[in-house]
Amino acid sequence: MNHFEPTHGNLACEGVPLRDIAQSVGTPVYVYSSATLERHYEVLRHALAAEGLKGEGGGEALIAFAVKANSNLAVLKTLARRGAGADTVSEGEIRRALAAGIPAHKIVFSGVGKTAGELAFALKAGVSEINIESEPEMHLAAQVAQSLGTRAVIAIRVNPDVSAGGHAKIATGKADNKFGVSFSEAERLYAQASNNAGLKPVGVTCHIGSQITDLAPMSSAFAKMKGLVERLRHEGLAVDRLDLGGGLGVPYFNQPDPPTPADYARMIAQTLGDLDVAYSFEPGRMIAANAGVLLATVLHIHKRPEGRKFAILDAAMNDLIRPAMYEAYHDIIPLAPRAGPPEIYDVVGPICETGDTFTRERELPPLAAGDLVAFMSAGAYGAVMSSEYNSRLLVPEVLVRGDRYAVVRPRPTYEDMLAKDAMPDWF
Ligand code: LLP
């Protein structure tokens, strides 16, 4: 459920008509709903608690929001105030999480290519856990920790070698993907780490992909993780934590409804229930996707004599790259739909390549120049993946709470954009 509903024929976010935001901030613009972010977080939290899935010291399981999905500080703070942690993959993301008020002990540091500098930053900040993705990275973490006179608290990321379905570009759990180590390597590395003065292994982790709409591959990966925990313990090694990653899919409107957080929690309890570990999770999309929309204005309706109709928007692939990159489907809703029979449009942006196409041959209410439209489910992997391609200004972001809204990332000026480049001294 989300908080984008028509009121008096006009699409609104909570108590704010989206048209008001489009008029005052201009388009393109991302708009996020605080109530939806909070609701998605709470639904997951309650589902985990209802199944008895606990965290450190028997408290609540850690829900470490995957900052890569939406890294706006105001979005992070909204979740932080509810108790969320952060799953981060760069020094920049750790800094964002800290700046938003997420305590270091709720921050997990993942990613296959952490640099020595980033590891040092994470260790000094005191993050809760560094998820180790390969043997050389483990050695680097040990070295950096020792040079700082500390021990790195680590979890070993396992690649369970399962196919999770979904788009190939976002599947991560097969052995031919770059992520994590095999089960046998994990056992060897865990034992090695427990004898290393620079390392403190506390658990294991996996993340098999994103937009997963079938629980079966997750359950098979988690069952394998349970086997690993039991083997490690059998060897006398302590395994206190199990981080199950993110990946639960969301409804993008044209797809069958994915499993709910309650189904997900039940599956985990059934697969792993009796394992005595502190659980953590790294959801991104399920919290943020349906909490955000991208608003755009129709610039022109370009009709070919043979009949094809292009709705050309002021938003482009640089603002929302998911359709171009993953053939992703986003529902497109006019803020105030016109009456009349639906028409068939290719909805495109102004960028100079055919890839700048949001959808082909989509049936939509009739559109005209000046109309405002919303791309739904754009709160995750939307603004974070935007760029200045074609020297277009980075897209602004707005956060709504009830009947109030605030610009939480302003649209830069052209002066700001040009000032980021520097001239070499030979000119
Ligand atoms: N944990 C790790 C280690 C991850 O790599 C990811 C996502 C997550 C958690 C969060 O996954 P989620 O719950 O959001 O599915 N840009 C793509 C999605 C890339 C996901 C990358 N990893 C898209 O727009 O579909």
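Strands E1 and E2 (residues 10–13) pair in the antiparallel sense over four bridges. Strands here are DSSP runs of at least two residues (E), helices are runs of at least four (H or I), and both are numbered from the N terminus. Two strands count as paired if DSSP finds at least two bridges between them. The model is predicted: local features need pLDDT of at least 70, side-chain atom pairs count only at pLDDT 80 or more, and totals for chains, interfaces and linings use all residues. Residues are numbered from 1 along each chain as its sequence is written, and side-chain values use heavy atoms, with hydrogens and water left out.

E1 and E2 belong to an open sheet of three strands, in the order E1-E2-E3, with antiparallel pairing. Strand E1 (4–7) and strand E3 (16–17) stand at the edges with a single partner strand each, so one side of each has no neighbour in the sheet. Proline 6 is partnered by leucine 11. The two strands form a hairpin with two residues between them, and histidine 8 in the turn has a positive phi of about 50°.

E2 is joined to E3 by two bridges, again antiparallel. Here alanine 12 stands opposite proline 17. This hairpin also has two residues between its strands, and glutamate 14 in the turn has a positive phi of about 50°. Both faces of E2 are covered. Asn10 and Ala12 on one side, and Leu11 and Cys13 on the other, are all buried. Buried means under 20% relative accessible area, exposed over 50%, and partly exposed in between (1.4 Å probe, protein chains only).

Aromatic contacts were examined next. Rings of Phe, Tyr and Trp (its six-membered ring) pair if their centres lie within 6.5 Å; planes under 30 degrees apart count as stacked, over 60 as edge-to-face and the rest as tilted. By this rule the count comes to five aromatic pairs. The rings of tyrosine 279 and phenylalanine 281 have centres 6.3 Å apart and planes at 15°, so this pair is stacked. Both residues are buried. Together with Tyr264, Tyr279 and Phe281 form one aromatic cluster.

The rings of phenylalanine 358 and phenylalanine 375 have centres 4.5 Å apart and planes at 55°, so they are tilted. Phenylalanine 358 lies in strand E17 (residues 357–364) and phenylalanine 375 in strand E18 (residues 372–375), so the pair ties together parts 17 residues apart in sequence. Phenylalanine 358 and phenylalanine 375 are both buried.

A charge sits over a ring if NZ of Lys or CZ of Arg is within 6 Å of the ring centre and within 35 degrees of the ring normal. Lysine 114 sits over phenylalanine 109, 5.6 Å from the ring centre. Lysine 309 sits over tyrosine 345, 5.9 Å from the ring centre.

The ligand is surrounded by 18 residues, each with a heavy atom within 4 Å. The closest are Ser210, Glu282, Arg322, Tyr326 and Tyr381. Polar contacts are pairs of N or O atoms within 3.5 Å. A polar side-chain atom of arginine 322 lies 2.6 Å from a ligand oxygen atom. For tyrosine 381, the distance to a ligand oxygen atom is 2.6 Å. A polar side-chain atom of tyrosine 326 lies 2.8 Å from a ligand nitrogen atom. Taken alone the ligand exposes 590 Å², and the protein buries 92% of that (Shrake-Rupley method, 1.4 Å probe).

Conventions
A polar contact is a pair of N or O atoms within 3.5 Å; within protein, one must be able to donate a hydrogen and the other to accept it, and residues adjacent in sequence count only if both atoms are side-chain atoms.
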